[in-house]
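Reader: I would like to go through the ligand site of this model with you, one question at a time. Please tell me also what the values rest on.

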Amino acid sequence: MAKLKRLGILTGGGDCPGLNPVIRAVVRKACSEGIEVVGIKNGWKGLLEQDTMPLDINSVSGILPRGGTILGTSRTNPYKIEGGSKKAIGNLKKLNLDALIACGGEDTLGVASKFNKEKLNIVGVPKTIDNDLSCTDFTFGFDTAVNIATEAIDRLHTTAESHHRIMVAEVMGRHAGWIAVYAGMAGGADVILIPEIPIDINEVCDILNKRHKRGKGFSIVVVAEGAMFKKGDAVTQEKELDAFGHVRLGGIGQMLGERIEKETGFETRVTVLGHIQRGGTPTAFDRVLGTRFGVKAVEMAMEGKFGMMAGLSGNNIVAVPLEKAVGKLKTVDMDLYKIAEIFFG
Ligand code: F6P
């Protein structure tokens with residue numbers, strides 16, 4: 001394979017703590033190998049508009065602890081725009097890039113996988129606070145989101161206990177309840193509700209009633225935004241679909257809180273953590289994971305391992321097929337959920 005001379009990088013989908021450490025690592029590793037790096041702004045949108053910025057060691061200095069992405073992001077789907085994919089592919093060639101590193105979740109990497117089938121040289125990096133990408137033990141951003149949600153649950157405990165209330169915390173997690181399970185376990189939640197298991201309100205109230213009967217005057221319930229009642233649809237803020245076919249979730253916490261208060265008679269309050277979970281500085285774990293992914297992605301591009309994604313397997317960073325990574329969502333491990341259930345009530 002010819003030596004890699006010019007490398008592009010973009011970040012797409014929801015922003016996520018750890019993206020800047022990936023960008024920094026890609027640039028630092030590439031520069032040390034004599035490879036030029038071009039940043040494509042705002043995900044696939046920037047590729048359609050040829051909106052780019054040069055990236056060198058100085059331009060990534062100081063970004064390691066910064067949340068978000070210096071490249072900007074969008075939820076643009078070139079396959080949903082007439083002639084979009086053809087234009088994006090043409091622009092990649094015009095930009096004279098030997099390879100592209102795409103950092104994203106199921107949507108951005110889904111497009112990357114399709115582009116790879118069109119013979120483009122693409123390497124993926126798995127990003128999402130939801131941790132629902134296959135072929136990697138963890139995505140970066142997840143650890144930060146879990147730590148933020150855990151701290152929030154700890155704080156909710158004090159009000160719950162002082163006021164003898166039930167506090168419901170709604171956390172992110174569109175199709176998978178990883179944040180709810182990890183933060184719920186770490187924060188000692190009394191009930192954890194996730195998209196993978198339909199909510200049985202009678203069961204939830206039974207758990208809470210039993211807990212109150214044994215003398216505990218307060219409870220904490222953690223619910224993922226994508227969780228649904230047994231008879232019901234996902235609770236949304238907007239029915240309109242985005243370019244990748246997703247609705248805007250939010251509101252299950254409020255609905256659940258009202259049902260709990262009505263059925264149990266216990267005063268209940270609801271807190272929606274929302275984008276707080278995605279904001280701010282990444283944890284040390286996410287900085288290190290993002291750095292390792294970034295270095296690996298450059299190595300993969302240099303070795304011509306295209307159509308592959310950097311993934312975490314145990315303590316190793318490995319190359320996994322992009323198609324497999326986006327083929328099926330990684331939902332919550334039910335053995336883990338069973339452990340969490342031991343502590344319900
Ligand atoms: O995919 C990550 C995520 O944070 C989901 O948990 C959430 O449903 C979605 O993004 C929110 O997207 P937006 O920031 O576009 O409202």
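Author: A polar side-chain atom of Asp 130 lies 2.8 Å from an oxygen atom of the ligand, a polar contact being a pair of N or O atoms within 3.5 Å. This is a predicted model, in which local features need pLDDT of at least 70, side-chain atom pairs count only at pLDDT 80 or more, and totals for chains, interfaces and linings use all residues. Residues are numbered from 1 along each chain as its sequence is written, and side-chain values use heavy atoms, with hydrogens and water left out.

Reader: How far from an oxygen atom of the ligand does a polar side-chain atom of Glu 225 lie?

Author: His 275 also has a side-chain N or O atom facing this question, at 2.8 Å from a ligand oxygen. For Glu 225, the distance between a polar side-chain atom and an oxygen atom of the ligand is 2.5 Å.

Reader: How much of the area that the ligand exposes when taken alone does the protein bury?

Author: Accessible areas come from the Shrake-Rupley method with a 1.4 Å probe. Taken alone, the ligand exposes 400 Å², and the share buried by the protein is 80%.

Reader: Which domains supply at least three residues each to the shell around the ligand?

Author: The bounds come from an automatic or database domain assignment, and the C-alpha centres of the two domains lie 32 Å apart. Arg 75 and Arg 278 are among the residues around the ligand, that is, with a heavy atom within 4 Å of it. The shell draws at least three residues from each of domain 1 (6–140 + 282–327) and domain 2 (142–279).

Technical notes:
Polar contact = N/O pair within 3.5 Å; in protein donor to acceptor, adjacent residues only side chain to side chain.
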